[in-house]
Amino acid sequence: MEIIKAYTQEIPATRFIGKKYTDADRVGGSFGAKWGEAFETGLFGIIEAASGNTDKNEFFTDSGAYVGLMSASNNESFEYWIGMFTPVGTTVPDGFQYIDLPASKLGIGWVYGDESEIYCNEQKVADKLGEQGVEIWYDDKGACWFFERYQCPRYTTPDDKGKVILDVGFFAK
């Protein structure tokens, strides 16, 4: 595993729509089963249709990706969301939750490797971004917001070495 790219990205105000989970929803220590449910129920197609854009919801670079959005702090319960960034004002489908986010700066790291080794490298990405002067943002409750972005084809199509890229992003100052 290596971080092959680290950069910042500006995004407009967005509405993240998806399903929210806690540590109690983990199966075998992960949220893999919840991702399986998301694909079985057509979660992403429902979100894309609600946004009025079935062409992968692309309103900023890589916004059409499926996302595992996380919030972690010492003071609040861990949150794990499965969903997508959508334009502000997108109608939230029944049974879904949302978070409205202001225009933001993101710190992004591309984690490259075999699928078995690319997960749980958030701290390494944060360290790499820190080396570049990117400061991680914490909300008013002391929570850090970060995500895994499963961008097609970086994540979905292995290269000639059988490796893929997982985007790991942090909301930054």
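In which strand does Thr-14 lie? Thr-14 belongs to strand β2, and this report starts from there.

This is a predicted model, in which local features need pLDDT of at least 70, side-chain atom pairs count only at pLDDT 80 or more, and totals for chains, interfaces and linings use all residues. Residues are numbered from 1 along each chain as its sequence is written, and side-chain values use heavy atoms, with hydrogens and water left out.

**The sheet**

Helices (H or I, at least four residues) and strands (E, at least two) are DSSP runs, numbered from the N terminus. Eight is the strand count to keep in mind: an open sheet of 8 strands has the order β1-β6-β8-β7-β3-β4-β2-β5, with antiparallel pairing. Two strands count as paired if DSSP finds at least two bridges between them. At the edges you will find β1 (2-11) and β5 (97-101), each of which pairs on one side only. From one strand to the next, the twist averages 30°; axes here are lines fitted to C-alpha atoms, for helices over the stretch in contact, and angles run from 0 to 180 degrees between N-to-C directions.

Strands β3 and β7 run antiparallel and are joined by 7 bridges. Tyr-66 has Tyr-150 in β7 as its bridge partner.

Back to Thr-14, which is buried at a relative accessible area of 0%. Buried means under 20% relative accessible area and exposed over 50%, with partly exposed in between (1.4 Å probe, protein chains only). Not counting residues up to four places away in sequence, Thr-14 touches Phe-59, Phe-60, Phe-85, Thr-86, Val-88, Ile-99, Asp-100 and Leu-101, where contact means heavy atoms within 4.5 Å.

Helix α1 has Lys-34, Trp-35 and Ala-38 buried. Looking down the axis of α1, these buried residues fall within an arc of 105°, so they line one face of the helix. The arc is taken from the directions from the helix axis to the C-beta atoms. On the face of α1 turned away from the buried side are the exposed residues Phe-39 and Glu-40. The buried residues of α1 pack against β2, α2, β3, β4 and β7. After α1 comes Gly-42, with a positive phi near 70°.

Helix α2 (residues 43-50) buries Leu-43, Phe-44, Ile-47 and Glu-48. Their arc, seen down the axis of α2, is within 130°, so they too line one face of the helix. As background, an α-helix has 3.6 residues a turn, so residues three or four places apart point the same way. The buried residues of α2 pack against β2 (14-21), α1 (32-41), β3 (66-72) and β4 (79-87). Gly-52 follows α2, and its phi is positive, near 80°.

**Aromatic rings**

The whole structure holds 17 aromatic pairs. Rings of Phe, Tyr and Trp (its six-membered ring) pair if their centres lie within 6.5 Å; planes under 30 degrees apart count as stacked, over 60 as edge-to-face and the rest as tilted. Two stacked pairs are set out here.

| Pair | Centre to centre | Angle between planes |
|---|---|---|
| Phe-31 and Tyr-80 | 4.3 Å | 0° |
| Phe-146 and Phe-170 | 5.5 Å | 25° |

Phe-31 sits in the loop between β2 and α1, while Tyr-80 is in strand β4, 49 residues apart, and their pair links distant parts of the chain. Both Phe-31 and Tyr-80 are buried. The other pair also links distant parts of the chain, with Phe-146 in strand β7 (residues 144-150) and Phe-170 in strand β8 (residues 164-172), 24 residues apart. Phe-146 is buried at a relative accessible area of 9%, and Phe-170 is buried at 4%.

One aromatic cluster is formed by Phe-16, Phe-59, Phe-60, Trp-81, Phe-85, Phe-147 and Phe-171.

Charges meet rings as well. A charge sits over a ring if NZ of Lys or CZ of Arg is within 6 Å of the ring centre and within 35 degrees of the ring normal. Arg-15 lies over the face of Tyr-98, 4.3 Å from the ring centre, and the charged end of Lys-19 sits over the ring of Phe-96, 4.9 Å from its centre.

**Glu-122**

Glu-122 has its place in helix α3 (residues 122-131). With 16% relative accessibility, Glu-122 counts as buried. Leaving aside neighbours within four places in sequence, Glu-122 is in contact with Met-70, Phe-146, Glu-148, Val-168 and Phe-170. Glu-122 and Asp-167 are 45 residues apart in sequence and 9.9 Å apart in space, C-alpha to C-alpha.
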